[in-house]
Amino acid sequence: MLTVYGIKQCDTVRKALKWRDQQGIEHGFHDFRTDGLQTELLQAGLESEFAGKLVNRRSTTWRQ
């Protein structure tokens with residue numbers, strides 16, 4: 001099963017979850033704003049080739 005990490009208020013996360021529901025893809029959701037995030041998981045993400053995509057630099061929060 002795939003776990004989607006994000007925050008509920010994010011439009012992109014909502015679209016991804018909706019698409020997975022429509023496709024019948026089993027998934028879980030981890031809201032790191034309310035559920036937190038393990039240090040090991042964050043470190044592994046930062047060391048991956050996708051580290052640049054972990055922060056949404058187009059968001060209003062980032063721009064502020």
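Tutor: Buried means under 20% relative accessible area, exposed means over 50%, and partly exposed lies in between, with a 1.4 Å probe and protein chains only. Please note that this is a predicted model, in which local features need pLDDT of at least 70 and side-chain atom pairs count only at pLDDT 80 or more, while totals for chains, interfaces and linings use all residues. Residues are numbered from 1 along each chain as its sequence is written, and side-chain values use heavy atoms, with hydrogens and water left out.

Student: In which element does Y5 lie?

Tutor: Y5 belongs to strand β1, which covers residues 2–6. Strands (E, at least two residues) and helices (H or I, at least four) are DSSP runs, numbered from the N terminus. The protein has 4 helices and 2 strands, and their order from the N terminus is β-α-β-α-α-α. The C-alpha trace spans about 30 × 30 × 25 Å along its principal axes. Of the 64 residues in the protein, 17% are buried.

Student: Which residues make the nonpolar surface patch?

Tutor: A nonpolar patch joins side chains of Val, Leu, Ile, Met, Phe, Trp or Tyr within 5 Å, using residues with over 30% relative accessible area and no salt bridge. Here Y5, F32, L37, L41, L42, L46, L54, V55 and W62 form a patch of about 820 Å². Helix α3 (residues 39–46) supplies the largest share, 3 residues.

Student: How much space lies in the largest pocket, and what lines that pocket?

Tutor: Rolling a probe the size of a water molecule over the atoms shows where empty space is left. A pocket is an open set of points on a 1 Å grid where a 1.4 Å probe fits, with protein on both sides within 12 Å along at least five of seven lines; its lining residues have an atom within 4 Å of a point. In this model the largest pocket holds about 1,200 Å³ of space. Its lining has 30 residues, and Y5, F32, K53, L54 and V55 lie nearest the centre. Two or more lining residues come from each of β1, α1 (11–23), α2 (32–35), α3 and α4 (60–63). Strand β1 gives the most, with 5 residues. By class, the lining has 16 nonpolar, 10 polar and 4 charged residues.

Student: Which side chains meet in a salt bridge?

Tutor: A salt bridge is a side-chain nitrogen of Lys or Arg within 4 Å of a carboxyl oxygen of Asp or Glu. The structure holds 1 salt bridge, in which the side chains of R14 and D11 meet at 3.5 Å, N to O. These two residues are separated by about one helical turn, because they are 3 residues apart in helix α1. R14 is partly exposed at 46% relative accessible area, and D11 is partly exposed at 49%.

Student: Is I7 buried or exposed?

Tutor: I7 has a relative accessible area of 18%, so it is buried. I7 is placed in the loop between β1 and α1. Its C-alpha atom is 9.0 Å from that of F29, although the two residues are 22 residues apart along the chain. For another loop residue, consider I25, in the loop between α1 and β2 (27–31). I25 counts as partly exposed, because its relative accessibility is 34%. The C-alpha atoms of I25 and G52 are separated by 26 Å, and these residues are 27 residues apart along the chain.

Note on methods. Patch = residues over 30% accessible without salt bridge, like charges linked within 9 Å, V, L, I, M, F, W, Y side chains within 5 Å. Areas by Shrake-Rupley, 256 points an atom, 1.4 Å probe, with all protein chains shown as cover. Points joined across faces, edges and corners; volume = space filled by probe spheres on them. Nonpolar A, V, L, I, M, F, W, Y, C, P; charged D, E, K, R; others polar.
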